[in-house]
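Hi,

Here is the structure I promised to pass on. Have a look at it first, and then read my notes below.

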Amino acid sequence: GESYEEGCDYLYKAVLIGDSAVGKSNLLSRFSKDEFRLDSKPTIGVEFAYKNIRVGDKLIKAQIWDTAGQERFRAITSSYYRGALGALLVYDITRRSTFENVGKWLNEIKEFGKADMVIVLVGNKSDLGNSRQIGEEEAMNFAEAQGLCFMETSALEKKNVDEAFLEMIFKIHEITT
Ligand code: GDP
Ligand code: MG
């Protein structure tokens with residue numbers, strides 16, 4: 001397979017943001033290694049993963065950063081966002097508080113991120129429809145008003161996970177090239 005040492009035509013950094021336990025780390029492990037953990041531990045510090053995507057005869061390397069959703073030091077926050085061209089902003093469809101905090105995360109992006117960052121709003125855990133607290137339509141309307149792309153995903157069922165990351169990466173590619 002293609003390792004991170006190998007050359008690529010484009011290298012794009014993107015970040016995962018959102019409250020704790022919404023499923024950021026599992027979305028990333030599902031996308032990068034096709035792995036899911038029911039007992040996943042909170043992320044400590046900053047981790048990242050690479051994913052190679054072939055577009056025609058070009059190779060895009062996406063470098064995706066993941067961190068804990070709790071309060072962070074401002075120095076870490078600014079290096080986390082530095083150079084990032086895209087963000088997956090994740091909430092949990094079964095916990096309204098995580099959706100209500102999306103505005104807070106958007107403010108952080110505005111403060112630390114690039115002005116034209118590609119943002120995809122992701123409502124994760126769509127497999128838990130019985131415990132849903134945020135309707136798809138409400139989230140879609142919100143995303144439209146804020147100019148964000150939107151998708152519901154399930155890291156557990158592997159639903160829309162590749163689609164969400166790839167939508168972000170292809171949008172970045174469009175804007176950058
Ligand atoms: P993070 O803190 O945002 O990185 O969240 P994690 O990826 O660590 O996930 C938090 C918890 O939610 C873990 O127990 C996961 O197994 C669970 N989880 C993550 N994604 C999903 C999903 O799509 N569906 C369900 N049912 N559980 C999920
Ligand atoms: Mg995590």
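Let's start with phenylalanine 48, which sits in strand 2. Keep in mind that this is a predicted model. Phenylalanine 48 has 17, so it comes out as partly exposed. Leaving aside residues up to four places away in sequence, phenylalanine 48 touches Gln63, Ile64, Trp65 and Asp66. Serine 32 is 16 residues from phenylalanine 48 in sequence, and their C-alpha atoms are 10.0 Å apart in space.

Now compare glycine 18, in the loop between strand 1 and helix 1. Glycine 18 has 24 other C-beta atoms within 10 Å, so this one is buried.

Next, helix 1. Seven of its ten residues are buried, so the helix is mostly covered. The buried ones are Lys24, Ser25, Asn26, Leu27, Leu28, Arg30 and Phe31. What lies over them? The cover includes strands 1, 2, 3, 4 and 5, along with helix 6. Just after helix 1 comes aspartate 34, with a positive phi of about 55°.

Helix 1 also matters for the ligand shell: with three residues, it gives the most to the shell around ligand 1. That shell has 20 residues, and the closest are Gly23, Lys24, Ser25, Asn26 and Leu156. Sorted by class, the shell holds seven nonpolar, nine polar and four charged residues.

In soluble globular proteins, nonpolar side chains tend to be buried together. Here, the largest nonpolar core has 43 residues, and the ones with the most contacts inside it are Ala14, Val15, Leu16, Leu88, Leu89, Leu121 and Met168. Which element gives the most to this core? That is strand 4, with seven residues.

Last, the confidence scores. The mean pLDDT of the chain is 92, with 93% of its residues at 70 or more. The model scores ipTM 0.99 and pTM 0.94.

Cheers

Notes: Residues are numbered from 1 along each chain as its sequence is written. Chains are lettered from A and ligands numbered from 1 in the order in which they are written. This is a predicted model: local features need pLDDT of at least 70, side-chain atom pairs count only at pLDDT 80 or more; totals for chains, interfaces and linings use all residues. pLDDT is the predictor's confidence in each residue, from 0 to 100. A residue is near a molecule or strand if its C-beta atom, placed from the backbone, lies within 6 Å of it. Helices (H or I, at least four residues) and strands (E, at least two) are DSSP runs, numbered from the N terminus. Ala, Val, Leu, Ile, Met, Phe, Trp, Tyr, Cys and Pro count as nonpolar, Asp, Glu, Lys and Arg as charged, and the others, Gly among them, as polar. A nonpolar core is a set of buried Ala, Val, Leu, Ile, Met, Phe, Trp, Tyr and Cys residues joined through C-beta atoms within 7 Å. A residue is buried if 20 or more other C-beta atoms lie within 10 Å of its own, exposed if 12 or fewer, and partly exposed in between; C-beta atoms are placed from the backbone. Two residues are in contact if their C-beta atoms, placed from the backbone, lie within 7 Å.
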